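Subject: A structure for you to look at

Hi there,

Here is the structure I promised to pass on. Please open it next to this message and read the notes below with the model on your screen.

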Amino acid sequence: AIIWALHPASVEATAWIAERKTLLSGTFSLAGLIYYTKYTGKPTTKTAVIIVGLGAAAMLSKATAVAFPLSLFAVDIWKGDRKLLKKGLSAKLPLFALALMIGITAVNAQQEGGFLKRHEVENPFMHLLYAGHAYASYIIRTLFPINLSVIYPYPTSTTLPTIFSLLTAAVITSGFIAWKRNKYMLAGGI
């Protein structure tokens with residue numbers, strides 16, 4: 001709670017009882033990542049089961065944790081051992097299966113509630129622009145928490161989303177280049 005007293009970007013996770021799911025999901029995900037780093041050093045069946053259990057708990061707490069299996073790959077990249085990408089599959093495959101099931105369930109629930117088609121944009125290119133804009137905006141608001149709002153409307157022009165999407169593409173490209181040049185600490189951080 002002290003962190004969010006200084007940085008208000010996710011204050012609702014500690015202030016609202018309805019957002020306890022975010023705190024639970026984050027706790028289970030972080031514990032799963034800690035166990036996974038132990039697993040990469042000394043793989044055991046018990047540790048793999050714990051990782052799957054913590055990942056499942058994170059995903060059942062909040063559907064956004066379906067990215068947890070991908071974060072395990074990020075740990076592999078960060079550690080710099082390309083063999084780890086295949087080595088930890090016994091812990092990752094069940095998590096990918098669970099993530100797929102929870103993701104499909106979440107999308108179906110959102111669709112039935114009418115939440116997926118809430119804006120006028122039908123052009124797939126504009127969806128990519130808005131995704132890049134959202135990614136870059138989130139990073140900027142994390143670094144500079146000013147002008148925060150409950151709802152961020154879609155931009156009225158395409159200039160800002162285009163600039164932010166290019167920024168996002170540059171960040172992703174630099175992460176890939178760092179990974180190819182064996183600068184794993186930089187690639188994992190990006």
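What follows is a short account of what turned up, from the whole chain down to single residues.

First, please keep in mind that this is a predicted model.

The overall picture

The protein is built from 10 helices and has zero strands. Reading along the sequence therefore gives the pattern α-α-α-α-α-α-α-α-α-α. Of its 190 residues, 26% count as buried. The exposed surface comes to about 12700 Å², and carbon and sulfur atoms supply 70% of that area. As for contacts between residues at least 6 apart in sequence, 65% of them join residues at least 24 apart.

The core

Which residues have the most contacts inside the largest nonpolar core? They are Tyr36, Tyr39, Ile51, Met59, Leu72 and Leu95, in a core of 16 residues. The elements that give two or more residues to this core are α3, α4, α5 and α7, and these are the helices I would like to walk you through.

Helix α4

Helix α4 covers residues 45–61. It has 17 residues and reaches 24 Å from its first C-alpha to its last, close to the 24 Å expected at 1.5 Å a residue. Its buried residues are Thr47, Ala48, Ile51, Leu54, Gly55, Ala56, Ala58, Met59 and Ser61. They pack against α3, α5 and α7.

Thr47 is one of the residues in this helix. With a relative accessible area of 14%, Thr47 falls under the 20% limit and so counts as buried. Leaving aside neighbours within four places in sequence, Thr47 is in contact with Tyr35 and Tyr39; Tyr39 is also among the core residues with the most contacts.

Helix α3

Helix α3 runs over residues 20–41, and Ser25 has its place there. Is Ser25 buried or exposed? Ser25 is buried, with a relative accessible area of 7%. Not counting residues up to four places away in sequence, Ser25 touches Ala58, Ser61, Lys62 and Ala65.

Helices α5 and α7

Helix α5 (residues 68–79) packs with helix α7 (residues 89–112) at an angle of about 145°, and their axes are 8 Å apart. On the α5 side the contact is made by Phe68, Pro69, Leu70, Leu72, Phe73 and Asp76, and on the α7 side by Lys92, Leu95, Phe96 and Ala99. By type, the residues of this contact are eight nonpolar, no polar and two charged.

Leu72 deserves a look of its own. This residue of helix α5 is buried, with a relative accessible area of 0%. Setting aside neighbours within four places in sequence, Leu72 is in contact with Leu33, Tyr36, Ile51, Lys92 and Leu95. Leu72 and Gly88 are 16 residues apart in sequence, while their C-alpha atoms are 8.7 Å apart in space.

How far apart are the end C-alpha atoms of α7? They are 34 Å apart, which agrees with the 34 Å that its 24 residues should span at 1.5 Å a residue. The buried residues of α7 are Ala91, Lys92, Leu95, Leu98, Ala99 and Ile102. Lys92, Leu95 and Ala99 take part in the contact with α5 as well. An α-helix has 3.6 residues a turn, so residues three or four places apart point the same way. Just after α7, Gly114 takes a positive phi of about 75°.

Enjoy the browsing, and do write back with any questions.

Best wishes

Key. Residues are numbered from 1 along each chain as its sequence is written. This is a predicted model: local features need pLDDT of at least 70, side-chain atom pairs count only at pLDDT 80 or more; totals for chains, interfaces and linings use all residues. Side-chain values use heavy atoms; hydrogens and water are left out. Helices (H or I, at least four residues) and strands (E, at least two) are DSSP runs, numbered from the N terminus. Buried means under 20% relative accessible area, exposed over 50%, partly exposed in between (1.4 Å probe, protein chains only). Contact means heavy atoms within 4.5 Å. Axes are lines fitted to C-alpha atoms, for helices over the stretch in contact, and angles run from 0 to 180 degrees between N-to-C directions. Ala, Val, Leu, Ile, Met, Phe, Trp, Tyr, Cys and Pro count as nonpolar, Asp, Glu, Lys and Arg as charged, and the others, Gly among them, as polar. The expected span of a helix is 1.5 Å times one less than its number of residues. A nonpolar core is a set of buried Ala, Val, Leu, Ile, Met, Phe, Trp, Tyr and Cys residues joined through side-chain atoms within 4.5 Å. Accessible areas come from the Shrake-Rupley method with a 1.4 Å probe; for residues, only the protein chains shown count as cover.
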